[in-house]
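Q: I have a protein model open and want to learn how to read its features. Where do we start?
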Amino acid sequence: MHLLANNRAPVGRASRAALVQVVVVAVTNMPVRVTSPGPGQRIGLHPPVSLPLLRESFPAGRRAWRSFRHASSEFFNRRIQAVSPSTPPQTGAADSRTLYSVPIVIINLAQRAHDHNWELDPIVRSLLDTDFYKLLMLQFIWKHFPSTTVTFSLRNRGADLRFPISPDDVRAQLDQIRDRRFHKSELIWLAGNTFYGRRGIFEPGFLEWLDHGFRLCDYRLSIDNGQFLLGFHGLWTEATLWEIYALSTISELQTRAALKHLSEFELDILYARAKTRLWNKMAQLRGVPGLRVSDFGTRRRHSFLWQEYVVRAMADTLGPGFTGTSNAYLAYKHDLEAIGTNAHEIPMALAALAHNEEELRQSQYRVLELWQQSYHGELLILLPDTFGTTQFFRSAPDWVADWTGQRADSKDPFVAGEEYIAWLRQRGRDPEKKLFIASDSLDVDDILQLHATFAGRIQPGASPADFQSAADFLAAGKWLPEPRIRFSAGWGTLLTNDFRDCNPQGHGFDPPRLVCKLQDAEGRPAVKLSDNFDKALGPPGEIERYRRVFGLEGISRRPVRT
C-alpha cells in the first residue's frame, strides 16, 4: 500500500512516514520499511500492505478504523488515499530516504480492552489453549480409562463464587469452546514436535482420535443464592480438558467486568502500572546464573492477551533463563518449549476407584507404574503431595527414586526440597542429578530465594532473603554456583495476573482463587489431602477417612495465596 500525503501537512515528511509505519506495524504486526517522500510524492510501504488488510487487522474493530482514518486525514491535512500496490513509490527526489528497517511491534492493551465491540470475543481461541500436562494426561486416560465417567466442579478458595459477570456471557463462552475442534496444523505440531527431547510422545492412534473422535462433554451452569455452580459430567476423556478452559474463562470474564468501569485513560494507567511491575520482576531475575523459570499461569490469568504479552516479554528479557510455558497454544504459536507432565487428577481418580484401604494406599504408586509404561520411561516427574508427601516417600517402592524429579505444589518449598534431597540420599541416589520444581503460589522473591538455596550454596553470613537480584549471586563470598539439586520454578498466577493495586480507582483486580477439580469417578467421591490442611478437597467424611488411611505426618497449615 502507498499512502498519498499532501505536502502541506503541518509536520515534516520524516515524521509522517514514521507515523504511518508505527500504525501499520502496530495493527498488522508486519515488518515494513517506509520511504519518506519529497514534495507531492507518496509514502511507500515495503512490502506492500493492502488497505483491506490494514482495515481488517485493526485491533479495535471498524469503529476505531473509521476514527483512525479520520484522524489520519486530519493529520495529513485532510487527505489519506490508497494507491494500487503495483504503483511503485517515487524515490528519485533528492530528499527521499528509507526510515526504520527494524520492525516495531506495539500492543495497545488499554485500547484492546476499551474497544471490545465484537458480538463475541472468544477467550479460548484454540483447544491447545490449555496446560500441556492436560494433553499428556488425556492420552493416558484415553489409553487406560476410556470408559470411566467422572464429574468436575468449580470451586472458589475464597468465600463464594459471586462474580459480577452474566451467566449468559459464561454460557456463550462455554458454548463456543464446546463446539471447537483441533486444527490440522495443531495436530501436526503435536505429532512432529520434540517435547522434552523426544519426538513422537503422542501416538498416531491418539492423534487420529483427537481429529475425528474427540469431543467435550456438556456443562451444567446454575446460580444458587447468587453463587455460580459450574460442573462437567461425562466420560473422563470428554471432561478432563474442561478444567483449564473453565478456569481461564471465568477469570477473564471477571477481568472484563472490572475493566468496563474504567475509562480509556484509566485503562492506560492500569496497564502501565502492570507492565512496570512485570518489568521490575524480570529485572530482578535477569542475569541470575543458572536460572530456570517457566510460565505456569494459564488457569488464573488476567486475560489471554496479557499472558501472551508476558510470555513474549519473559522470553525476550530472560533469554535461556526462561525455559518455556505450560500453555500448549502459546508454545505452538511462538515456538517455545511446552512444559508439564501430570497433576493430582489421576491419583485422585485411582484412589476413588479403589475397593479397599490397601488398594487405596497403593493407588498412588499404581499411577506411577501406568504412567512410566505409557511414556516409556520419559516425563518422570513425581507429584507426591496428593495424599501427603511425607507418607508417600516413606512407603514408596525403591524404583520410585529412579524418577527424574519432583514437583512441590502445596508444602513449603524450602521444606519440600530439603525433604526430597534427604530421601534421595537415603535411597542411595545422587540429588545433583535430580530435578526439583517448585510451583505453589510463587512470586519473584520466592524464586530468587529458592534458587539461592538449591541451585548453589549460600556461604556463611548470608541467608536466602539476601538474594534479590543477579548482583547478589555474583557478589564475592556470598554464593557458589554448586547445585545441590537441579532447580526450576513454575511461576503461575502472580506472573500472569498480578494487577494488585494497579487500578487507578483503588480497588479490584485481585487474582481469583478458583480451582476446578475432580469431584467423583464412577460416582465415588474424589479426595485430595495435600500437604496443606487448607487445600484439602472432598466431602468432609471422606477427607477424614483418607487421613486415617494415609496419616497426617508432614501436613501443616499455610496461607493459600492464589
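A: Start with a term. A polar contact is a pair of N or O atoms within 3.5 Å, where one must be able to donate a hydrogen and the other to accept it. Keep in mind that this model is predicted.

Q: Which side chains does threonine 298 join by polar contacts?
A: The side chains of threonine 298 and glutamine 307 are joined by a polar contact of 2.9 Å. Another, of 3.2 Å, links the side chains of threonine 298 and asparagine 327.

Q: Where does threonine 298 lie, and is it buried or exposed?
A: Buried means under 20% relative accessible area. Threonine 298 has 0%, so it is buried. It sits in the loop between strand S11 (293-295) and helix H12. Its contacts beyond four places in sequence include Asp129, Ile244 and Ser326. The C-alpha atoms of threonine 298 and glycine 492 are 7.4 Å apart, though 194 residues separate them along the chain.

Q: How do I read a helix with buried residues?
A: First, the general idea. An α-helix has 3.6 residues a turn, so residues three or four places apart point the same way. Now take helix H8 (residues 204-212). Its buried residues are Phe206, Leu207, Trp209 and Leu210. Seen down the axis of H8, they fall within an arc of 155 degrees, so they line one face of the helix.

Q: What covers the buried residues of H8, and which residues are exposed on the other side?
A: The cover includes helices H5 (132-144), H7 (184-192) and H9 (236-239). Pro204 and His212 are exposed on the other side.

Q: How many salt bridges are there?
A: A salt bridge is a side-chain nitrogen of Lys or Arg within 4 Å of a carboxyl oxygen of Asp or Glu. The count comes to 38 salt bridges. In one of them, glutamate 243 pairs with lysine 134, with the closest N and O atoms 2.8 Å apart. Glutamate 243 lies in helix H10 (residues 242-259) and lysine 134 in helix H5, so the pair ties together parts 109 residues apart in sequence. Both residues are buried.

Q: Where do the salt-bridge partners glutamate 358 and arginine 361 lie?
A: Both lie in helix H15 (residues 357-374), three residues apart, about one turn of the helix. Glutamate 358 is partly exposed, at 42% relative accessible area. Arginine 361 is partly exposed too, at 32%.

Note on methods:
Residues are numbered from 1 along each chain as its sequence is written. This is a predicted model: local features need pLDDT of at least 70, side-chain atom pairs count only at pLDDT 80 or more; totals for chains, interfaces and linings use all residues. Side-chain values use heavy atoms; hydrogens and water are left out. Buried means under 20% relative accessible area, exposed over 50%, partly exposed in between (1.4 Å probe, protein chains only). Helices (H or I, at least four residues) and strands (E, at least two) are DSSP runs, numbered from the N terminus. The arc is that of the directions from the helix axis to the C-beta atoms. Contact means heavy atoms within 4.5 Å.
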